[in-house]
Amino acid sequence: MILWGVTGWKNSGKTTLVEGILRALTARGLRVSTLKRSHHGFDVDQPGRDSHRHREAGASEVLVASGTRWALMAELRGADEPTLEDLVARLSPCDVVLAEGWKRLPHAKIEAWRPETGQPPFAMESETVKAVVTPGARPSGADRPHLDLDAPEAVAGFLLGAGAG
């Protein structure tokens, strides 16, 4: 399994980049899983649903399954947030994992960057960023490989060619 992070400032194109890479990798016949870090609380459940009622009653984990998908919801209930390694270990076997977020952890990453964010590329302060992906020219001061946001197949090739992230 290859793990690559996808990082970048808010509105830099991270999710668009992940979508493009996903399509390119799955078109090659690879099995790809993703992890998404959220800085905000979120809920994939709906109040009043049976699964929500199970959680509210105190279940640590609730798994909802149908003929088309399943989802596992885990309540931390005051426990520490799981590490990226813990979360990756919970995934089914796959060829590639793309982890969107987790900017400051030591795994290899690519960075989506746009000058409109008003922020310098994170690559300028982190050796874990192995390439900068932009819709235009290489950002000044970024000494990493530059990839085109509009060429997800080339970005996917970079990720596969660079080896385990």
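Trainee: Which residue in E7 is the bridge partner of Ala 112?

Mentor: This is a predicted model, and in it Val 133 of E7 is the bridge partner of Ala 112.

Trainee: What makes E6 and E7 a pair of strands?

Mentor: Two strands pair if there are at least two bridges between them. Strand E6 (residues 109–112) and strand E7 (residues 129–134) are joined by four bridges, so they count as a pair. These two strands run parallel.

Trainee: To which sheet do they belong, and why are E2 and E8 said to stand at the edges?

Mentor: The open sheet has six strands in the order E2-E5-E1-E6-E7-E8, with parallel pairing. Strand E2 (32–36) and strand E8 (146–148) each have a single partner strand, so one side of each is left without a neighbour in the sheet. On average, neighbouring strands are turned by 25° against each other, direction ignored.

Trainee: Which helices pack on this sheet?

Mentor: Helix H1 (residues 14–27) touches E1, E2, E5, E6 and E7, and its direction makes about 175° with that of E5. Helix H4 (residues 152–161) touches E1, E5, E6, E7 and E8, and its direction makes about 140° with that of E8.

Trainee: Why is H1 called roughly perpendicular to H4?

Mentor: The two helices pack at an angle of about 75°, with their axes 8 Å apart. Angles of 65 to 115 degrees count as roughly perpendicular, so the term applies to H1 and H4. Among the residues that meet are Leu 17 and Ile 21 in H1, and Val 155 and Leu 159 in H4.

Trainee: How do you know that Glu 81 and Arg 37 form a salt bridge?

Mentor: Their closest N and O atoms are 3.2 Å apart. The cut-off is 4 Å between a side-chain nitrogen of Lys or Arg and a carboxyl oxygen of Asp or Glu, so this pair qualifies. Glu 81 lies in the loop between E4 and H3, and Arg 37 in the loop between E2 and H2, so the pair ties together parts that are 44 residues apart in sequence. By this rule the count comes to nine salt bridges.

Trainee: How are E3 and E4 paired, in the parallel or the antiparallel sense?

Mentor: They pair in the antiparallel sense over five bridges, and Glu 61 stands opposite Ala 74 in E4. The two strands form a hairpin with four residues between them.

Note on methods. Residues numbered from 1 in each chain as written. Predicted model: local features only at pLDDT ≥ 70, side-chain atom pairs only at ≥ 80, totals over all residues. Heavy atoms only, no water. Axes fitted to C-alpha atoms, helices over the stretch in contact; angles between N-to-C directions. Contact = heavy atoms within 4.5 Å. Parallel < 35°, antiparallel > 145°, perpendicular 65-115°, else oblique.
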